[in-house]
Number of protein chains: 2
Amino acid sequence: MTLAIADTKLDLRLLKIDLLAIGQEARKAARALALAPTEQKNAALFAAAAALRARTDDILRTNAEDRDAARASGRPESFIDRLTLTPARVEAMAKGLEDVAALADPVGETIAAWERPNGLKISRVRVPLGVIGMIYESRPNVTADAGALALKAGNAVILRGGSETIASNRAIHACLAEGLRAAGLPETAIQLIGTTDRAAVGLLLEGLDGAVDVIVPRGGKSLVERVQKEARVPVFAHLEGICHVYVDKAADAEKARAIVLNAKLRRTGVCGSAETLLVDEAAADRLLAPLVIALLDAGCEVRGDAATCAVDARVVPATEQDWATEYLDAIISAKVVPGVAGAIAHIERYGSHHTDSIVTEDAATAETFLAEVDSAIVLHNASTQFADGGEFGMGAEIGIATGRFHARGPVGVEQLTTFKYVVRGDGQTRPV
Amino acid sequence: MTLAIADTKLDLRLLKIDLLAIGQEARKAARALALAPTEQKNAALFAAAAALRARTDDILRTNAEDRDAARASGRPESFIDRLTLTPARVEAMAKGLEDVAALADPVGETIAAWERPNGLKISRVRVPLGVIGMIYESRPNVTADAGALALKAGNAVILRGGSETIASNRAIHACLAEGLRAAGLPETAIQLIGTTDRAAVGLLLEGLDGAVDVIVPRGGKSLVERVQKEARVPVFAHLEGICHVYVDKAADAEKARAIVLNAKLRRTGVCGSAETLLVDEAAADRLLAPLVIALLDAGCEVRGDAATCAVDARVVPATEQDWATEYLDAIISAKVVPGVAGAIAHIERYGSHHTDSIVTEDAATAETFLAEVDSAIVLHNASTQFADGGEFGMGAEIGIATGRFHARGPVGVEQLTTFKYVVRGDGQTRPV
């Protein structure tokens, strides 16, 4: 027993030494990446895409091993599906790398520039964030996506994928390393933590002695919760997307129907999916029943307040817990509220500051909602499912953040940069 | 003994209840502040300035009590000076409030706007950060400065000043509260923690159950160190300003002299003061001796490498520790380096990523320095003492940040805001 404990401590110490070395390599690579010209970063992305295509058979064979192991350990089919690669999925990864290469390089961009009365020329210039720690679960394509976005924004990245896809992640990572090598960039710009030891996540969250600038978690609520609780460095994440659609008395009924159905049902497992429908009491007679019946007829479970239950026998009574639940499924909670003020009060109480939408033809009411709802994304007459970097025109995204700092909403290449002030003078000194 | 422990625990529990209530009030006030029009916020600032002027005698009397107590407890004169208010200092505070009123209101500003092919109109709009926790030491004017900046940017603020100035802070805070009341804004928008219990700082750093969005410490290194170590919420701060001036072989000797003297000696106690002089070995013969002698003659102690020691008998040999020391005094370390690459390597190794300057007439060398030095502020041919929100044209600042997130460099009203995405549509739904 005593020996076993000693061994565990020794293992942890050795793991820590390994990870600190990874952190130091990442920090060194980040210096090189920060100064790398756009063409060189793009060359690495194109070469990595070519490597992914050339090694598709290898990658699929490796992925089949991961899949067999996951099946043998009794993982459910939905889990197996998430980790499964197909020729089409590998091609999508390769294409994704090329798409990131096609994005504008944010590094070096002058965000603002002004001149002072004393002749000093001040500019704010975009620079990379530094080293990104990426912690994700079962989808192996995150290895390629996150590596590419970090690289394009001039950052080094340390990847820590789920243990069930470790072999697939290694095979994909080898292609990224080949791309970096081909372009003459340090391979350590994209490192994959090779061990499945769960203690590695804890060490990464501590920041590896200052080597990690930001953590981006990508996975279920329990992962994000752990990361937000334990991380000693900034985190770009959202814990939940409890998104609302509020249908105002001045709503166009047809727009409301289309938006509510799309917001809830286009995909139910994404963070921008609506979880609660709020209907203005002043027009509940006209709007509530058609919306609820359309949802029910589309196969969605509706959990409602008394007014909603009265619409149709298929509606289930909602409990207090329902208003605070992200179903990630074909289930919606529904409630009648006293106008836009009631909707705002409900959203502030139960929402997660992610994405919320109002449907109305009344411009003033829309502006009240847009101004007063304190969420990363607020929409007027549009589906909450637009909460996505691609749909925002930012290209690929590494995630969506609901924090109030730095990155808020979709996190694309631009959000993976910071800035510095560059001041050009001609001998100016500061008066006393 | 047992009883004493029980009492301490009870006290801590009561303190926690008090502080959580302060946090909840701040959160409520922040909702109101976020929506307050510019004129109302400015009215509060003007009314507070008037109150400061009207109550100057009271404030000075109270401050004298703080001062007597500090003297009685054996505090040094430099400390007493920092906490001392005079009629001129009170007037400067009042004027400071009016200056903040004159700044542009950042809230509601559209930072960027674009339209998507599907007709969605996306804009990024500035919104307040929320609730700011301000922890500061002996200067009572921070009470007014921080309160005003937070208010102007639409935030609520919880102030925790040094225990030695608690009476002065209370008197100043009463004027701010009077201003808020006169303008019809919630007095709880600016709250002062009334207890001198040090445990209050710890509770504030934990974030008061999510009520605090950011902590801004203002004080010595040990305070900032504690805050950075213990805070469970984001922090806007810099730990040290180890700022460098690099004099390149292509430097104009007269500019170099003026900049070095100003960067070191204009004020030695500010974070933008230079701590290390680096001179290009290719022109050390021409540049080193005049710079070192000018510093010595101006009363500055110089701690140098061998080459610098050879210049003048008054130069003290530098130790390894000197390169990593923020003197905040009339002391400078000095060293000959192999060109701009050597300067960059030295700064990356020993610097604090705050503010660094190059003096050269060679534009290409300047651009290399500006691009490769990874600091919040990099300057060409200008004094490091320009590291200041006022000198940047931002108006007042609440501090200077060296973190890579959100606020970097001077933290003014604009940096006390975040943004949200406002999306305006006409019924758009997202295709599968």
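Author: Start with the sulfur of Cys300(B). The closest cysteine sulfur belongs to Cys309(B) and is 14 Å away, too far for a bond. A disulfide here is a pair of cysteine sulfur atoms within 2.5 Å. In general, a disulfide is a covalent bond between the sulfur atoms of two cysteines. Cys300(B) counts as buried, at 3% relative accessibility. Buried means under 20% relative accessible area, exposed means over 50%, and partly exposed lies in between (1.4 Å probe, protein chains only).

Keep in mind that this is a predicted model: local features need pLDDT of at least 70, side-chain atom pairs count only at pLDDT 80 or more, and totals for chains, interfaces and linings use all residues. Residues are numbered from 1 along each chain as its sequence is written, chains are lettered from A and ligands numbered from 1 in the order in which they are written, and side-chain values use heavy atoms, leaving out hydrogens and water.

Now search the whole structure for disulfides: over all chains there are zero. Cys300(A) is in none either, and its nearest cysteine sulfur, in Cys309(A), is 14 Å away. Cys300(A) is buried, with a relative accessible area of 3%.

Next, salt bridges. The term means a side-chain nitrogen of Lys or Arg within 4 Å of a carboxyl oxygen of Asp or Glu. Over all chains, the search finds 64 of them.

Stay in chain B for one of these. Asp297(B) pairs with Arg314(B), and the closest N and O atoms are 3.1 Å apart. Asp297(B) sits in helix H11 (residues 284-297) of chain B, while Arg314(B) is in the loop between helix H12 (306-309) and strand S10 (316-317) of chain B; the pair links distant parts of the chain, 17 residues apart. Helices (H or I, at least four residues) and strands (E, at least two) are DSSP runs, numbered from the N terminus. Asp297(B) is exposed, at 54% relative accessible area. Arg314(B) is partly exposed, at 43% relative accessibility.

Another bridge in chain B joins the side chains of Arg27(B) and Asp213(B), at 3.1 Å from N to O. Arg27(B) lies in helix H1 (residues 2-35) of chain B, and Asp213(B) lies in the loop between helix H8 (199-206) and strand S6 (214-218) of chain B, so the bridge ties together parts 186 residues apart in sequence. Arg27(B) is partly exposed at 30% relative accessibility. Asp213(B) is buried, with a relative accessible area of 11%.

Now cross between the chains. The side chains of Glu414(A) and Arg124(B) form a salt bridge of 3.8 Å, N to O. Glu414(A) is in the loop between strand S15 (409-411) and strand S16 (417-428) of chain A, and Arg124(B) is in strand S2 (residues 121-128) of chain B. Glu414(A) is partly exposed, at 31% relative accessibility. Arg124(B) is buried, at 15%. These two belong to a network of salt bridges that also includes Glu109(A) and Arg126(A).

Finish with a buried spot in chain A. Ser383(A) lies in the loop between strand S13 (377-382) and strand S14 (399-401) of chain A. Its relative accessible area is 0%, and Ser383(A) is buried.
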